[in-house]
2 protein chains.
Amino acid sequence: MPTMGALHEGHISLLKRARLECDYVTVSIYVNPTQFEEQQAHESYPRDLKNDLELCNEIGVDFVFTPDNSEIYAKNDETIVTLPRLGTVLEGASRPGHFAGVAGVVLRLLNIVDADRAYFGAKDAQQIRVIKRLVKDLHISTAIIECPTVRTSDGLALSSRNVFLNPHERIQALSLSAGLFKAEQAFQIGERSARQLRRLVRSTIVDQDIISIDYVSLADSETLAELTGDVQNDALLSIAAMVGSTRLIDNVVLVV
Amino acid sequence: MPTMGALHEGHISLLKRARLECDYVTVSIYVNPTQFEEQQAHESYPRDLKNDLELCNEIGVDFVFTPDNSEIYAKNDETIVTLPRLGTVLEGASRPGHFAGVAGVVLRLLNIVDADRAYFGAKDAQQIRVIKRLVKDLHISTAIIECPTVRTSDGLALSSRNVFLNPHERIQALSLSAGLFKAEQAFQIGERSARQLRRLVRSTIVDQDIISIDYVSLADSETLAELTGDVQNDALLSIAAMVGSTRLIDNVVLVV
């Protein structure tokens, strides 16, 4: 299971499932520089290796792989992996090069670890779609297992970045999932207009002093093509926003 | 062993070596569309599956893989693999996108076949460097084995494209290898000037009605950075030229 460390209950749910389903469980902990646009964001990404190792030990992880950059990127490494469609919308539009970085490091890690199964969280919705596409396109034999988003009891999607939220920001951040849930409820009682569903999310985000929406998207769940008109197939409703100085993402899948 | 078919003595030398060194030998025969700039060049690439299968049978190949496009490229495939340095000089400069196509198909084939060893000919000098780089960068477990260029008794490097040469063009085409050998001999008796060595190759190509030189290159054998000044490390001396309407490439490595 590839991670960037700072393990939380979301990771733990994946690890427990892997522990149940697999003979051997390997966790990689590596904050990959190539998926950050800015060195600053890479450097300030939360790290807590001591706690991570304790958690892995408690869960009964067999191997922890904590490579340095030279173990992932060979001297004179120059191979770049891109997905020009899935990798350039949503998060890829806001963070150019991000998914080339993600695809590149995950491909390298999958080849190094050579696992039968790899576990990823649904919270990073576009990431898992990019990885599934990559694995299918390149005929990689590792099965990609998607695990549900883990939330706090009041709805906040768990993220390593949540540690950056101050108490007031944390309360405001709840409006992201609240907006998604409100639209999901409307969908469940029959609302199909993509425009209206997106509007329901936006209308729930009220405190614009603290929250700055990057995007609210309702897209085909597989191709991530933005929907106009009515929802007719499974659709990914997702949001990205700055809450104070912390960028958060969240999503729900609307299943027809 | 990945091939585009139209097997000749060059391929056979690789196959015989693989047959000696491996328990099981798999040959793929697939004329990959993504490495041709023009559909016409892809369509007119020589094909002779019946003869290829007979040759494979004679040599004792265990498996022949003759995929159609959908077996290599999944529906909605969009994963692109590029090597911005090694893939853009020499052949990559003359044939934009060629090595993205090569890297993409070889990566897919290596993953599908999952061989311990894969054999490539030294005639396609840049191709094997790109593939070695790709395999190293992505931590692919297949060993890449380089086999020497096979030549006719008068020096012509074997190529599937040689069938396109008429008798007069074939004679003129000998000046490519003749130029490389002349420079190699000069190198062996002490000539180190990159400029002078390239000039020796060019000076041997006389019939400019039939032969149009695309490039004569003397480059670092590993990085393919073009050399100025004197040769100090192993260097790749290579040529690409149109002979009539057939594009040929050839090379020698100058070992210091």
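## Strands within chain B

In chain B of this predicted model, strand β2 (residues 26-29) and β3(B) pair in the parallel sense over 3 bridges, where strands are DSSP runs of E of at least two residues, helices are runs of H or I of at least four residues, and both are numbered from the N terminus. Two strands are said to pair if DSSP finds at least two bridges between them. Within this pairing, V27(B) stands opposite V64(B) in β3(B).

These strands belong to an open sheet of 3 strands in chain B, with the order β1-β2-β3 and parallel pairing. Its edge strands are β1 (2-3) and β3 (63-65) of chain B, each of which pairs on one side only.

## How the two chains are related

## Where the chains meet

Strand β4 (residues 80-82) of chain A and β4(B) pair in the antiparallel sense over 3 bridges, and V81(A) stands opposite V81(B) in β4(B).

## Numbering and confidence

Residues are numbered from 1 along each chain as its sequence is written, while chains are lettered from A and ligands numbered from 1 in the order in which they are written. Local features need pLDDT of at least 70, side-chain atom pairs count only at pLDDT 80 or more, and totals for chains, interfaces and linings use all residues.
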